[in-house]
Amino acid sequence: MRDQLKTEAEQPPAVPGQRRQVPAATPAPATALTPAPVRRAGARPERTEMADRLAYLDSATRRINSALDLAATLRNIGRVLVPTLADAAVVHLRDPLPNVEREPGFPEELRIHHSTGTRIGRRGRPSGMDDRRRSRYGARSTADGGPATPVTRGGALAHALLSRRPAEAAVLGTPAAERAETLLRELYGTRGVARLAAGTSVLALPLRGRKAVLGLLILIRRPPERTGRPVFDAADTATAAHLATQAGLAVDTALRYAREWEIANELQRSMLPLRLPQSHGVRIAQRYLPGERGAQVGGDWYDAVPLPGNRVALIVGDVMGHSLTSAAIMGQLRTSAQTLAALDLPPHEVLYHLDEQAQRLGREQHLATCVYAVYDPIANRVVMANAGHVPPVLVRPDGTAELVELDSGAPIGVGGVDFNSVELPAPPGSALLLFTDGLVETRTRPISDGLEVLRARIAAARWQSPEQLCQEALRILPPGDRGDDIALLGACFDGIPAGDVAHWYLQPRNETPGRARRLAAHTLRRWGLDELSEATELMVSELVTNAVQHATRPVTLSLVRTTRLRCEVGDDSPLLPRPRRTGPEDERGRGLQIVARCADRWGATRLGTGKVVWFEQRLPAGT
């Protein structure tokens with residue numbers, strides 16, 4: 001009959017131990033959950049049935065609680081119930097899904113989140129499921145439940161959700177099934193109830209979490225004359241109630257895990273830079289891919305920090321472990337790395353201080369790996385140090401790619417480990433790819449194979465930009481096989497021509513500011529930037545004068561022409577200049593006001609050996 005409940009299996013197996021009305025010559029099939037019982041000689045049937053039922057409960061409970069993902073949990077609930085206990089199962093959950101960490105209040109609406117063994121949907125409409133899709137037990141399954149169902153206070157649906165009384169099975173078409181039929185009409189409408197033939201047995205069980213009811217589980221058995229299986233009895237009801245309790249707690253756990261995953265993922269993303277600074281002479285791109293929903297959030301991070309001399313620090317790290325704590329520790333280490341990078345320390349010194357910081361956070365729980373590199377576009381060199389991280393890939397101008405052989409050392413947080421820096425040539429046209437182990441290590445591929453696959457892919461691919469470099473690297477990932485998060489940092493080295501750089505060491509003497517003005521003016525004339533000469537000479541004079549007053553060693557003066565004119569004045573005094581208000585009679589303190597007025601941008605950076613004060617100007621149009 002077309003309007004009756006649609007199921008896949010004509011003869012579904014019953015709960016172990018339950019007698020079925022089938023011909024004696026037809027053996028009852030064993031399900032995947034419960035093997036056929038082995039009856040001992042002399043054993044009483046009641047004990048055997050009880051043992052079988054307990055074995056089924058144990059197996060079903062373990063399977064219901066075997067996943068943390070909500071969709072997987074609902075699938076497991078359907079598979080343990082259909083066809084072993086019921087012919088069909090429908091899971092309704094609150095809409096929207098509640099925050100289970102606080103009391104969500106009265107359930108206002110429900111929505112079908114999963115159904116197995118039936119096509120019944122909201123208001124009796126089919127759920128849109130493809131008939132050809134079958135679960136491993138032959139039952140159909142869908143998560144498309146149509147519009148939400150409102151919960152009327154005082155109605156049969158509200159009573160079923162909030163009732164603390166034990167559930168009772170109802171047989172449709174009998175006088176005792178009036179409340180159950182009213183409940184089904186609220187859920188599926190009159191047409192939906194009409195699909196269920198007289199004699200159909202129905203169980204409505206609330207799914208309770210740790211703080212509130214989360215939804216409703218509907219179990220359906222077709223009439224006995226169609227399947228040979230009796231209606232739900234007291235033992236079936238008790239079994240279903242126990243599994244509904246386990247299902248409610250499993251759904252609660254899945255929702256809590258999903259919320260924790262979302263919080264950790266948002267925390268991690270908020271701690272990663274949305275965009276990286278683009279320094280002259282190098283193009284940088286980044287990618288971050290969180291792990292699969294079933295994997296907890298990790299602590300991968302990346303960063304790029306501009307340094308004096310148009311250099312840039314490139315950093316990629318990975319906090320060991322996957323948790324909200326790992327994401328928080330990642331943020332602390334990234335902040336520490338930024339601070340240490342700004343001091344312009346050598347890479348191995350940065351890792352040493354990061355190691356100390358991690359030990360203060362707790363060495364047992366806060367280990368991390370890291371690669372720290374500094375690229376100099378003027379010298380065309382890159383200096384790198386490694387702390388237990390996967391080696392980066394260096395691409396030569398001719399397109400060949402190699403894994404950089406660095407002393408990997410020990411992870412940050414171990415303590416008592418020496419880190420070493422390695423300096424390598426990085427001529428224009430070369431590139432560097434830093435990444436975390438999630439890119440090259442998967443469930444089916446060891447890390448050594450992954451590194452070689454990555455190197456070969458980068459060498460064979462045709463890419464022109466750091467964005468394309470990162471994209472080519474991600475192509476080595478097998479589809480659907482990402483249990484860890486991935487951080488990528490690609491840098492293409494263009495360099496700065498030597499003819500666009502001027503650098504001097506000046507002795508800290510009284511005549512030095514005048515000499516600095518003349519050197520700057522001569523360089524600007526050679527570059528064809530005479531329009532900037534007057535303002536640049538004035539600002540250079542003020543900064544060099546201030547440096548000479550505090551320096552005990554030679555003062556450095558640098559001019560770099562890129563798309564802007566950048567000037568840097570360095571000395572060995574750690575005191576940073578600060579703008580201050582000056583009165584009409586003050587003769588000091590006006591130098592920085594002049595620089596701030598004439599320059600487009602200016603700033604001061606404290607270094608490990610002193611400081612650098614810099615300013616930038618836009619180049620005139622047409623240059």
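**View 1. Arginine 62 is exposed, at 52% relative accessibility, and forms a salt bridge with aspartate 58.** Exposed denotes over 50% relative accessible area, buried under 20%, and partly exposed the range in between (1.4 Å probe, protein chains only). Aspartate 58 is partly exposed, its relative accessible area being 43%. The closest N and O atoms of the two residues are 3.2 Å apart; a salt bridge requires a side-chain nitrogen of Lys or Arg within 4 Å of a carboxyl oxygen of Asp or Glu. Both residues belong to helix α1 (residues 45–64), where four residues, about one turn of the helix, separate them. Helices (H or I, at least four residues) and strands (E, at least two) are DSSP runs, numbered from the N terminus. The model is predicted: local features need pLDDT of at least 70 and side-chain atom pairs count only at pLDDT 80 or more, while totals for chains, interfaces and linings use all residues. Residues are numbered from 1 along each chain as its sequence is written, and side-chain values use heavy atoms, with hydrogens and water left out.

**View 2. Glutamate 452 and arginine 455 meet in a salt bridge through their side chains.** The N to O distance is 2.8 Å. The two residues are about one helical turn apart, because they lie three residues from each other in helix α9 (residues 447–460). Glutamate 452 is partly exposed at 39% relative accessibility, and arginine 455 is likewise partly exposed, at 23%.

**View 3. A salt bridge joins aspartate 600 to arginine 564.** Their closest N and O atoms are 4.0 Å apart. The pair links distant parts of the chain, 36 residues apart: aspartate 600 lies in the loop between α13 (591–598) and β21 (601–607), and arginine 564 in strand β20 (residues 564–571). Aspartate 600 has a relative accessible area of 34% and is partly exposed; arginine 564, at 24%, is also partly exposed.

**View 4. Salt bridges link Arg566, Glu568, Arg601 and Glu616 in a network.** The structure as a whole holds 24 salt bridges.

**View 5. A surface patch of positive charge gathers Arg509, Arg515, Arg517 and Arg518.** Patch members have over 30% relative accessible area and no salt bridge, and like charges are joined within 9 Å. Arginine 518 is placed in helix α11 (residues 512–526). With a relative accessible area of 56%, arginine 518 is exposed.

Notes. Patch = residues over 30% accessible without salt bridge, like charges linked within 9 Å, V, L, I, M, F, W, Y side chains within 5 Å. Areas by Shrake-Rupley, 256 points an atom, 1.4 Å probe, with all protein chains shown as cover. Lys, Arg positive; Asp, Glu negative; His and termini not counted. Charge placed at Lys NZ, Arg CZ, Asp CG, Glu CD.
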